[in-house]
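Hi,

Here is the structure I promised to pass on. Could you load it and keep it open while you read my notes below?

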Amino acid sequence: MSLQFTVVAGPDRGRSFQLNPGKTVFIGRATESIIPLSDLAISRQHCQLKADENETSVTLTDLGSSSGTWLNDERVNKNGVVASDTIRIGDTSILVERQPADSDATVPPQSPEIESPTRAPGLIEGLVGRQIHNYLVQEVLATGTSGIVFRAVDERNNEPLAVKVLWPQITRDSDEQRRFVRGMKAMFPIRHPNLVRIFNAGIQDVQQLGVRLCWVAMEFVDGYSLQSIIEKTGTAGMLDWQRALRIAVDIARALEAAFDHDVVHRNVTPDNILVDRHKDTAKLSDLMLARALEGAGAEQITQRGQLVGDLIYMAPERTRGEEASHLSDMYSLGATLYSVVSGRPPFQAEHVPDLVSAIQNDDPGPPSEIQMAVNPLFDTIILKMLAKQPADRFENFSKLLNELERVAKFARMTI
């Protein structure tokens, strides 16, 4: 019993894939999923579909997703699937149909019209070992919504660095490409120990792959993203509040430096905070990237007017379409710290409209209600950063830092 699955609602509407007997596919937001979707309301590894070897059944299994997996409007953990069923995950609905008799592909190539906006077939494999500008690409460090980050070496001085290559779909025309390069080059003068330094940016034709790529060369940080640390820190994902406080100080200092140059980050999330494994210091990456990606291609991958990044860290005023500011960056840092010390974001919901409503209207409650070890003074600072009205947050990052340093002194911490 071979089945075809067609996305009938959501950001990837029109996309389809097939499942043959004995096969398993994983569906999620992560680019390493066999079926990666661009719906920000689904989990990185959301669910799986497995076809029986005997061609008798297909089983749908939820993989511990935050918003659940629904089959014909009923939430399920594990359930059989048949033709005419509808699977719903996040804001995506998938119709189950019998596979056409003349098709035997497990996961067919996507047509250009419905190609996943976060993938470019062969791009990852095709760039390893090649040269971009003066940089020899060595290995993949990470993949994300906006592109791939490679480890590379500058052949002029044999120094390691990171090169981020945007997915070709994001900057489709020369105007968008030039805007991206200008935005990145504007960051060259900004230097701070807690900001990932940008060295260079440009556009390069890769004739062997038939693509024209935008890239940015950055400081290589030998460490991990804060998101990966959260995921590896026990089942609850909580970090010691004192370590979280040190990270807060590092990133607040980075944002203060950006503010001094009239730069708003726009996408402060755990994915954009890197922790150096040797020094245990935190650095903020992708400064100015969200602004540089404001264009038609970027709008395709973000949906609903969102910029690149996770809605759960977005300030209330930004969910209403207001312009980003240093105070919205402050909110995003507060939401990140809340997730770090409590093991969950300040607001959660099964559907995007409900999440937006919670961000705009609900009280998150103090993190110490979830992790009792959190210092009450740190609790108060995080909640002030999460104030609904920008005017109710700290006036600037200098004042935020004064309060964070006061808590550290009270706890006899060195920062």
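Glutamate 317 counts as buried, at 2% relative accessibility (buried is under 20% relative accessible area, exposed is over 50% and partly exposed lies in between, with a 1.4 Å probe and protein chains only). Glutamate 317 has a salt bridge to arginine 393, with 2.8 Å between the closest N and O atoms; by salt bridge I mean a side-chain nitrogen of Lys or Arg within 4 Å of a carboxyl oxygen of Asp or Glu. The two are 76 residues apart, with glutamate 317 in helix H7 and arginine 393 in the loop between helix H10 (376-385) and helix H11 (397-410). Arginine 393 counts as buried too, at 3% relative accessibility.

Before I go on, the ground rules. This is a predicted model, so local features need pLDDT of at least 70 and side-chain atom pairs count only at pLDDT 80 or more, while totals for chains, interfaces and linings use all residues. Residues are numbered from 1 along each chain as its sequence is written, and side-chain values use heavy atoms, leaving out hydrogens and water. Helices (H or I, at least four residues) and strands (E, at least two) are DSSP runs, numbered from the N terminus.

More on salt bridges: the structure holds 12 of them. Side chains of opposite charge can pair when their charged atoms come close. Another one to look at joins glutamate 323 and arginine 266, at 2.7 Å from N to O. Here the partners are 57 residues apart: glutamate 323 is in the loop between helix H7 (316-319) and helix H8 (326-342), arginine 266 in the loop between H4 and S19. Which of these partners is buried? Arginine 266 is, at 7% relative accessibility, whereas glutamate 323 counts as exposed at 55%.

Then there is lysine 283, whose salt bridge with glutamate 219 has its closest N and O atoms 3.2 Å apart. Lysine 283 belongs to strand S20 and glutamate 219 to the loop between strand S17 (211-218) and strand S18 (223-225), so this pair links distant parts of the chain, 64 residues apart. Lysine 283 is buried, with a relative accessible area of 10%.

Now the overall picture. The protein has 11 helices and 20 strands, and 52% of its 415 residues are buried. Take contacts (heavy atoms within 4.5 Å) between residues at least 6 apart in sequence: 58% of them join residues at least 24 apart.

How many residues are in the largest nonpolar core? It has 75, and Leu333, Phe378, Leu400 and Leu404 are those with the most contacts inside it. A core here is a set of buried Ala, Val, Leu, Ile, Met, Phe, Trp, Tyr and Cys residues joined through side-chain atoms within 4.5 Å. Helix H4 (residues 241-260) gives this core its largest share, 12 residues. Leaving aside residues up to four places away in sequence, leucine 404 touches Leu245, Ala248, Val249, Ala252, Phe378 and Ile381. A second, separate core has 22 residues, including Val58, Leu71, Ile89 and Val96.

On the surface, Phe26, Ile34 and Leu63 form a nonpolar patch with about 230 Å² of accessible area together. Patches are made of residues with over 30% relative accessible area and no salt bridge, where like charges are joined within 9 Å and nonpolar side chains (Val, Leu, Ile, Met, Phe, Trp, Tyr) within 5 Å. Leucine 63 sits in the loop between strand S6 (58-62) and strand S7 (69-71) and is partly exposed, at 34% relative accessibility.

There is also an open sheet of 5 strands with mixed pairing, in the order S4-S3-S5-S6-S9 (strands pair if DSSP finds at least two bridges between them). Its edge strands, S4 (35-36) and S9 (78-81), each pair on one side only. S3 (residues 24-28) and S4 run parallel, joined by 2 bridges, and glycine 28 stands opposite proline 36 in S4.

Asparagine 158 lies in the loop between strand S14 (147-154) and strand S15 (159-166) and is exposed, with a relative accessible area of 62%.

Cheers

How values were computed:
Areas by Shrake-Rupley, 256 points an atom, 1.4 Å probe, with all protein chains shown as cover.
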